[in-house]
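Subject: Structure handover

Hello,

Here is the structure I promised to pass on.

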Amino acid sequence: MRSASTMCNKGFSNITRSFLDYSLDFDYINWLMYLFKPIIYAFIAPIIVYLMIYFSDVALNIIRFKQKLIGPSCSGGATDWSTYWIALFWYAHSRVWNGYSVKGLENIPRTGAAILAYYHGALPMDIYYLVAKMVLQSERRLTLVTDRFVFKYWPGSKKLFKAFNLIEGTKDQCLKALNEGRIVVISPGGTREALFSDNYYELLWNKRSGFARLAMEANVPIIPVFTRNIREAFRTVRFQFLRDLYERTRQPLVPIYGGFPVKLTTYIGIPIEPHLSQTAESLAAAVQTAIEDLIIKNQRIPGTIILSILERSACLRYYLGIESSTQNESK
């Protein structure tokens, strides 16, 4: 009897210990998930942006197909109507998630060609938002110069890219757009600046002056553009081996995280006219100085995510002394 009782007690003890071990492991896993959930969400956010782009592409095709069935809309045709609704989707997102606004929109000429040179964030959400705003509130359309890998790694999105005037950054394409009187949007820092600049907002142009040569050849002004807190909306993982890998392969193999609801304000500077006496290098240097001045005047250095989120409050912007610089914003 004693041996049977002893065996039962040992069996019960083993079951209890196993149950407790399982419960402790389960609680530990839950604790880890709770601890790392914000980090997981931060790395999922860029994927959501990519899905939004694919959604825009699908929606564009659906709207155009429907328009073919019911005939052209009163807005001037299927293309105009479909582009309008996609732009409305992105503009609504900009207002809700980032309180997006623009200052200096009057510096974009109503007629004639120009080049917009901008600081490139980890993800150029500000440029997406600006394009949407121009579609909805202006007769001008922006032509975006993008890296070739965008066309390579975004299969099936040619209609979307065409609807919103995305082109590869070849000299012939850019000159053609400028000669047609269009506004061409270029980031001289390109992918390198997007991936390896930081919250100190250093311009990584590596003495690039091709955009300045374009402006001189087409005889068009260059307009400096900078968006406050764009580096706090999305950031990149910073390791030296990732920089070395990019320099060797030219592939953007750098993880991006973020999606933070920071306040974004785009500042459009005064146009810089090219002169015959200038060289392309001196014109590029003048544009770089103009963008750096916009950064110094309008950006907190170093940028911080928490304060950038709190800037959504008008009272806090006034307290931080930036309300005067954000007056007369175009929303």
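The notes below cover the surface, the cores and the salt bridges.

This is a predicted model, in which local features need pLDDT of at least 70 and side-chain atom pairs count only at pLDDT 80 or more, while totals for chains, interfaces and linings use all residues. Residues are numbered from 1 along each chain as its sequence is written, and side-chain values use heavy atoms, with hydrogens and water left out.

Surface first. Ile-40, Tyr-41, Ile-44, Ile-47, Ile-48 and Leu-51 make up a nonpolar patch, with about 560 Å² of accessible area together. (Patch members have over 30% relative accessible area and no salt bridge; like charges are joined within 9 Å, nonpolar side chains, meaning Val, Leu, Ile, Met, Phe, Trp and Tyr, within 5 Å. Areas come from the Shrake-Rupley method with a 1.4 Å probe, and for residues only the protein chains shown count as cover.) Tyr-41 sits in helix H1, residues 2-70. (Helices, H or I, at least four residues, and strands, E, at least two, are DSSP runs numbered from the N terminus.) Tyr-41 counts as exposed because its relative accessibility is 52%. (Buried means under 20% relative accessible area, exposed over 50%, partly exposed in between, with a 1.4 Å probe and protein chains only.)

Now the cores. The largest nonpolar core has 79 residues, and Phe-164 and Phe-234 touch the most other members. (A nonpolar core is a set of buried Ala, Val, Leu, Ile, Met, Phe, Trp, Tyr and Cys residues joined through side-chain atoms within 4.5 Å.) A second, separate core of seven residues includes Phe-196, Val-237, Leu-242 and Val-254.

His-120 lies in the loop between strand E2 (114-118) and helix H3 (125-137). At 13% relative accessibility, His-120 is buried. Beyond neighbours within four places in sequence, its contacts (heavy atoms within 4.5 Å) are Ser-187, Gly-190, Glu-193, Ala-194 and Arg-231.

Last, the charges. There are 10 salt bridges. (Each is a side-chain nitrogen of Lys or Arg within 4 Å of a carboxyl oxygen of Asp or Glu.) One joins Glu-247 to Arg-192, with the closest N and O atoms 3.0 Å apart. Glu-247 is in helix H10 (residues 240-249) and Arg-192 in helix H7 (residues 190-196), so this pair ties together parts 55 residues apart in sequence. Arg-192 is buried at 5% relative accessibility, whereas Glu-247 is partly exposed at 29%. Glu-247 also meets Arg-243 in a salt bridge (3.1 Å, N to O). Arg-192, Arg-243, Glu-247 and Arg-250 are linked in a salt-bridge network.

Best wishes
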